[in-house]
Each structure stands twice: as structure tokens, then as C-alpha cells.
Amino acid sequence: MLPAVVKLCCGISYPHLRSMAGLQRTAVAVIGQEITHLHRSGQSQHRMRTQTGLQYNEPKPGTNIQPSDEDQLYYVQQGQEAMRKALSMLEEKDGWKVEITESNGDVICSKVMPGPRKVFRLEAVLDGSVEQLYDLLFVRVQEMHQWNPSIQQIKVLKQVGPETIVTHEVSAGTAGNLIGQRDFLSVRHSCKEKSSVYLGGAAIQLESFPHQAGFVRAEDGPTCIIIQALGEDMRKSRFTWLLNMDVKGWLPKSIVNQALPRAQLDFTRHLRRRLTASAPLQAD
């Protein structure tokens, strides 16, 4: 779901997160039953809960999505399923190891998942509102290359209602990019709450959009970004991000596992610069 090396979280062991119990296991089981029901009945409704002081309640698809349109239902279901799986990963507290701690408070932790593949969780505090970040990371995702030099292009291939999109993105072949240029085909799903936003996503296959010549097609997901208002200060947000990516190709895992968390820090730095640049406009 999220940009080339920015897909779509945090270390649960840190003090402000110790109150996060994550998804209730009972809720996860219910969601699984609902997904089975979706395939049988053609209904599209999920409910997920997190114990972060906020509830994640998956809304029904917008009126632009017709239940009779199997393709649209498929994309919505894939996006919702990616969100569910990513949030379930964030529930697991054991096995996380601190990778990087920055002087500005940014922290990245990692965990080895079955496969084996490492996933990375970042937590940062950003000087931007939940709405600003949602606008930059989802609504105007096609403009991301304008402020993030690691992205060459992101194109929305399908707009499936207001909460779900299918995108093709190409990473930039910039100097110092250890992983090299990749392209991604992803479904991205969003859910807005009063003081938080959830962004989830995963790789998807489209017969109408096969692998592109000259690119290694990497696969991301399930991934998730959670953006929450920082207390009563609506101008700041807690940014938590689960990065889960298979870069494909023949790169040694040691190189990949060094490059991905550094890419998270780079992306967060570029995002901060973009928020700073737009601050005077917001003030006006």
C-alpha cells in the first residue's frame, strides 16, 4: 500500500504505547467469519477494533460501489483484508527488536516473520494534522514524487469509491539506492475516524497490467499506517507505520534489511520537509 519504499509501525514497548492492547483476538476471529460471509453473500462490511482509545470500525463502501460489480467488491475486500492482517501484526508484542533510535525521537523496530522476512515498525511525531497527512498520503498520492525524491511516479489505475484505490508506482533510480529501481502494483484502503486515520494496503495482480519491461516488480504488504492526533494538539500527529516488503530480485537479505529502515527514515524526513513547506499556507 504505500509508496515504493514507504509502505504503509511502532515499537509497542515504548511508554506511550503500553496502553495499546491492539486488536482483540475475539474481534479478529469475528472478522475472519465476516470475510467468509462476504464471499458467500456479496456483502462488503467489516468491523475491526483496536484498544488504543479509539475504535476502528470499517465503514460500508460508498454509494459509488455497486455490490453487483464483482471487480469493485474484490478490490475493496482485498484492501480491507490487508488492513486487518497488518493491524493483527501490530497486535503481536513479542519478538520486536530496536533497530534505530534517532535523536528526534523516531524509533524503528523489526521482527522476523515466517518466511523468513523482516518487517519494520516506525513511530514518529509529525508537525501536521491528521487531515493534512491523510491528504498527502492518500488523497494526493499521485503528487508524492513532487516532494519525495525516492518516488519517480505513482498513478491511480482504479478509483473504487472514496476509500479504496489501485495504484502503480515506480521508485526512482537515485544514487545511493541500495535496492535499485522497482515498480509496485498495489491496492490501498483507507478509513477515517474523528481523530485518526488508518491506511492499509498490499500487492495485487492485474491481468490488464502485467510486469513492465525493465523493472523488477516488488510486492508490499500487508502494510499499515496509523495517524493519530497527538492529545489535544490537533496540529501534531503520532505516525506509526508497518513496512512489510518483498523487494524481489537477487539482493542479499542483509542489504535489504539495512536499506528498508533507512528508507523509512528518509521518507519521514522528506514528509517533514513537505509539512514545513506547507505550514505557512495552512496558517493563511
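**Reading the model feature by feature**

Author: Let us begin with a loop: Pro-222 is placed in the loop between E9 and strand E10 (223–230). Please bear in mind throughout that this is a predicted model.

Reader: What kind of peptide bond joins Gly-221 and Pro-222?

Author: The general idea comes first. Most residues other than glycine have a negative phi, and most peptide bonds are trans. In this structure, the bond that joins Gly-221 and Pro-222 is cis, with omega at about 0°.

Reader: Which residue has a positive phi although it is not a glycine?

Author: Lys-248 does, with a phi of about 60°. Lys-248 is placed in the loop between E12 and H4. With a relative accessible area of 31%, Lys-248 is partly exposed.

Reader: With which side chain does Lys-248 meet in a salt bridge?

Author: The general idea is brief. Side chains of opposite charge can pair when their charged atoms come close. Here the partner of Lys-248 is Glu-219, at 3.9 Å from N to O. The pair links distant parts of the chain, for Glu-219 is in strand E9 (residues 219–220) and Lys-248 is in the loop between strand E12 (245–246) and helix H4 (253–283), 29 residues apart. Glu-219 is partly exposed, at a relative accessible area of 30%.

Reader: How many salt bridges does the structure hold?

Author: The structure holds 14 salt bridges. One of them joins the side chains of Arg-269 and Asp-266, at 3.0 Å from N to O. Both Arg-269 and Asp-266 lie in helix H4, three residues apart, which is about one turn of the helix. Arg-269 is partly exposed, with a relative accessible area of 36%, and Asp-266 also counts as partly exposed, at 34% relative accessibility.

Reader: At what distance do the side chains of Glu-143 and Arg-140 meet?

Author: Glu-143 and Arg-140 form a salt bridge at 3.3 Å, N to O. Glu-143 is partly exposed, its relative accessible area being 30%. Arg-140 counts as partly exposed at 29% relative accessibility.

Reader: Which residues are linked in a network of salt bridges?

Author: Glu-81, Arg-84 and Lys-85 are linked in such a network.

Reader: Let us turn to aromatic rings. How many aromatic pairs does a search of the whole structure find?

Author: The search finds five aromatic pairs. To read a pair, one looks at the distance between the ring centres and the angle between the planes; planes over 60 degrees apart count as edge-to-face, under 30 as stacked and the rest as tilted. Trp-147 and Phe-267 form a tilted pair, 5.7 Å centre to centre with 45° between the planes. Trp-147 lies in the loop between H3 and strand E4 (151–160) and Phe-267 in helix H4, so this pair ties together parts that are 120 residues apart in sequence.

Reader: Are Trp-147 and Phe-267 buried or exposed?

Author: Trp-147 and Phe-267 are both buried. Phe-267 also forms an aromatic pair with Trp-241, and this pair is edge-to-face: 5.3 Å centre to centre, with 75° between the planes. Because Trp-241 lies in strand E11 (residues 233–243) and Phe-267 in helix H4, the pair ties together parts that are 26 residues apart in sequence. Trp-241 counts as buried at 0% relative accessibility, and Phe-267 at 2%.

Reader: Which residues do ring pairs link into a cluster?

Author: The cluster consists of Trp-147, Phe-239, Trp-241 and Phe-267.

Reader: Which residue lies over the face of Trp-96?

Author: Arg-121 lies over that face, at 3.3 Å from the ring centre of Trp-96.

Reader: Why is helix H3 described as largely enclosed by the rest of the structure?

Author: One counts the buried residues, a residue being buried when its relative accessible area is under 20%. Helix H3 (residues 130–139) is largely enclosed because seven of its ten residues are buried. The buried residues of H3 are Val-130, Gln-132, Leu-133, Tyr-134, Leu-136, Leu-137 and Phe-138.

Reader: Finally, where is His-189 found, and what does its side chain contact?

Author: His-189 is found in strand E6 (residues 182–192). His-189 is buried, at a relative accessible area of 1%. Its side chain makes a polar contact with the side chain of Thr-164, at 2.8 Å.

Note on methods
Residues are numbered from 1 along each chain as its sequence is written. This is a predicted model: local features need pLDDT of at least 70, side-chain atom pairs count only at pLDDT 80 or more; totals for chains, interfaces and linings use all residues. Side-chain values use heavy atoms; hydrogens and water are left out. Helices (H or I, at least four residues) and strands (E, at least two) are DSSP runs, numbered from the N terminus. Buried means under 20% relative accessible area, exposed over 50%, partly exposed in between (1.4 Å probe, protein chains only). A polar contact is a pair of N or O atoms within 3.5 Å; within protein, one must be able to donate a hydrogen and the other to accept it, and residues adjacent in sequence count only if both atoms are side-chain atoms. A salt bridge is a side-chain nitrogen of Lys or Arg within 4 Å of a carboxyl oxygen of Asp or Glu. Rings of Phe, Tyr and Trp (its six-membered ring) pair if their centres lie within 6.5 Å; planes under 30 degrees apart count as stacked, over 60 as edge-to-face and the rest as tilted. A charge sits over a ring if NZ of Lys or CZ of Arg is within 6 Å of the ring centre and within 35 degrees of the ring normal.
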